[in-house]
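Have a look at it first, and then we'll walk through it together.

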Amino acid sequence: MSCDRRAEVVLIGLDGATFAVLDPMMRDGVMPFLRDWSAGGVRAVLGSTAHPLTPIAWTSVVTGRHPGNHGVFDFVRVTTEGSQPSYVLGTSADVRVETLWAIASRHGRRVSCLNFPCMFPPPALNGFVVPGFVPWRYLSRAVHPRDLYPRLKRLPGFDAKGLALDWDIERKALQGLPESEFEDWIRFHTDREAQWFSIAQFLMREEPCDLTAILFDGVDKLQHLCYHLLDPTLASRYTSQWAQRVRGLCLDYFRQLDRFLEAIVAAAGPGARVFMASDHGFRAAGEQIFYANVWLEQQGHFGWRDGTTIDHEGRLSLDGHAGPEAFIDWSRTVAFALTASSNAIWIRRGRNGHDGVSDEEYPRLRQQLIDGLKMLTDPATGERIVERVMTREEAFPGAAVDAAPDLTLVLRDYSFLSVLRADAVLRNRRLPYGTHHPDGIFMATGPGIRQQAELAPFSIVDITPTLLYALDLPLPSDLDGGVTTAAFEASWAEAHPVRHEQGVAAALPTEPGAASVLGTEGEQEVLRRLKALGYLD
Amino acid sequence: MMVHANGDSHGEVLAHVIGILQEITADWDVGEISADSRLAALNLESINLVYFIAELQQKYALEQQLFNRIRAADTPLADLRVVDVVDFVREMRGARQPEREEPRHEL
């Protein structure tokens with residue numbers, strides 16, 4: 001069904017985009033559309049979450065809430081209750097507050113949401129959802145409404161395997177690929193991006209929405225492996241034929257992205273306000289990997305499971321789907337790093353009869369870990385390895401703080417730690433690697449938006465209120481962010497005062513994951529099972 | 001078969017669960033899926049099983065209860081039988097609706 005409706009607001013997400021890469025691309029003619037388009041609007045550095053990680057940061061972008069309130073702290077949801085800590089892949093049930101799309105839907109606006117994380121199972125929005133991070137076998141059940149999928153399958157070039165995310169491939173790639181596999185990897189993401197663009201183009205043409213949002217995540221994927229070839233301050237050091245060929249393919253990716261951006265902006269029409277944002281920026285990681293659990297073992301807080309192999313390959317985590325029980329001896333562990341992506345250390349609490357530190361011991365152990373991490377230095381240079389250690393209250397204040405990791409580390413080079421076993425706390429990285437940086441990007445153009453203006457940096461939690469404002473919708477009263485009024489012409493802002501919903505908060509009525517959701521009967525059953533298993537007296 | 005008004009009788013939940021599993025395994029032969037089929041026998045990567053549970057949680061308005069219940073059972077997800085999942089769903093549905101007025105019938 002086609003109609004005359006046009007998007008009022010478009011959000012284009014560029015995962016991991018940084019001006020350090022985009023500005024040279026624009027200057028050198030790789031992205032001419034972005035150069036000309038952005039010159040007609042505003043731009044700013046967009047500050048990410050305390051730990052700049054994709055699911056955490058995008059959820060802040062699309063909820064206007066800090067992680068301590070939206071409840072997403074990693075790709076996985078960690079459960080520390082029970083006999084042994086464990087984790088499960090995050091889903092939309094982990095998001096404790098309303099999203100931008102839900103708020104707009106509630107006000108009768110039609111929305112489309114393509115490739116964003118934490119959107120499966122898809123909420124029943126007034127519009128269309130194709131979640132990101134969904135395995136291809138589940139894709140047909142992942143879209144909303146369900147009858148959208150057969151229509152997508154009829155799009156030219158549609159390939160579910162190419163569109164969806166293969167976690168095994170992604171995990172392997174992020175550990176470092178052999179040179180021979182780089183070209184296929186870049187082409188894979190270039191083709192994958194084309195499929196997402198095709199879906200966006202189809203929906204904008206056939207099912208136009210008031211709010212259209214699409215996330216291109218290939219920027220992040222390419223930069224993890226090829227940042228050293230993309231940042232011009234580094235790229236000149238890599239002159240081999242292979243490096244030139246790989247850089248050329250990366251530039252082709254960005255040329256294609258530029259064409260997609262141009263087509264999306266054209267499809268939205270001159271009356272639309274178009275916003276581009278990233279969840280975090282990027283930079284080159286340093287040459288060394290911090291093996292957090294090795295350090296914790298040295299401090300007497302961690303035990304390796306018998307037979308855990310020593311990593312000699314500069315990996316950050318195990319391949320495959322092995323859980324923490326594959327390398328952690330829980331009988332000798334009270335503090336541990338579970339995932340590389342979180343840069344976090346958890347402390348095992350001795351509650352409900354489980355092993356772990358008592359509530360009385362907890363503050364002392366936590367402070368001991370903080371002090372030790374701050375004193376940890378590179379023996380070769382004397383430089384501190386951990387730039388900053390944040391407690392959960394510092395990193396993730398809010399209603400969901402109890403679900404956050406106990407400590408979140410900012411390493412000296414912003415890189416991710418390794419959870420694996422090594423023969424030293426620091427080991428050299430095998431290959432150049434790109435890592436996340438808190439400084440992302442923001443750009444916007446459209447009616448009422450200032451032209452040729454560079455704004456002061458602001459936070460990603462300001463994106464949702466700003467988009468609601470651009471949609472002329474009132475804001476829920478409990479958003480953490482505010483409208484970036486500096487992005488709008490003074491006369492327009494004056495004529496459009498920020499409105500708030502009366503008595504409406506963006507928090508959902510219940511908190512997913514909270515122990516109390518089991519209900520009395522369910523809790524009794526869990527307790528009965530735990531007792532039967534010997535975990536409770 | 002007694003049918004519950006809200007769609008969470010054993011037979012209805014079982015049919016729904018098998019329907020999902022049939023759809024996501026449709027592209028290859030895993031044989032007939034029955035109540036006694038083990039999830040591991042369906043040749044699904046673990047991420048698909050996680051999404052399967054997440055979908056059931058949404059369908060039956062269970063928030064995170066199904067994941068919590070499976071974890072409390074201390075059995076790897078892949079080792080569960082289809083009927084185990086069905087039982088957990090029904091158990092959690094019962095736990096959430098103590099105030100319901102309709103009489104509940106056992107099969």
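## Starting with chain A

What share of the contacts in chain A with a separation of 6 or more comes from residues 24 or more positions apart? The answer is 73%, where two residues are in contact if their C-beta atoms, placed from the backbone, lie within 7 Å. Before going further, note that this is a predicted model, in which local features need pLDDT of at least 70, side-chain atom pairs count only at pLDDT 80 or more, and totals for chains, interfaces and linings use all residues. Residues are numbered from 1 along each chain as its sequence is written, while chains are lettered from A and ligands numbered from 1 in the order in which they are written.

Chain A has 19 helices and 19 strands; helices (H or I, at least four residues) and strands (E, at least two) are DSSP runs, numbered from the N terminus. Its radius of gyration is 23 Å, close to the 24 Å that the globule rule gives for 537 residues, so chain A is as compact as a globular protein of that length. (That radius is taken over C-alpha atoms, and the rule is 2.2 Å times the number of residues to the power 0.38.) Along the principal axes, the C-alpha atoms of chain A fill a box of roughly 65 × 65 × 45 Å. Of the 537 residues in chain A, 51% are buried, meaning that 20 or more other C-beta atoms lie within 10 Å of a residue's own; exposed means 12 or fewer, partly exposed is in between, and C-beta atoms are placed from the backbone.

Helix 11 (residues 218-230) and helix 13 (residues 241-268) of chain A pack at an angle of about 145°, with their axes 10 Å apart. Axes here are lines fitted to C-alpha atoms, for helices over the stretch in contact, and angles run from 0 to 180 degrees between N-to-C directions. Helix 11 of chain A brings residues including Leu222(A) and Cys226(A) to the contact, and helix 13 of chain A brings, among others, Ala243(A) and Tyr253(A).

Gln195(A) sits in helix 10 (residues 179-206) of chain A. With 19 other C-beta atoms within 10 Å, Gln195(A) is partly exposed. Leaving aside residues up to four places away in sequence, Gln195(A) touches Gly157(A), Phe158(A), Asp159(A), Gly162(A) and Leu163(A).

## Over to chain B

Chain B has four helices and zero strands, and 36% of its 107 residues count as buried. For helix 3 (residues 65-73) of chain B, seven of the nine residues are buried, so this helix is largely enclosed by the rest of the structure. Among those buried residues are Leu66(B), Phe67(B) and Arg71(B). Just after helix 3 of chain B, Asp74(B) takes a positive phi of about 60°.

pLDDT is the predictor's confidence in each residue, from 0 to 100. Chain A averages 91, and chain B averages 81. Among the elements of chain B, helix 3 has the lowest mean pLDDT (87) and helix 1 (residues 10-24) the highest (93). The pLDDT stays under 50 over residues 1-5 of chain B, and is below 50 over residues 97-107 of chain B. Where pLDDT is low, the predicted coordinates should not be read in detail. Overall, the model scores ipTM 0.72 and pTM 0.89.
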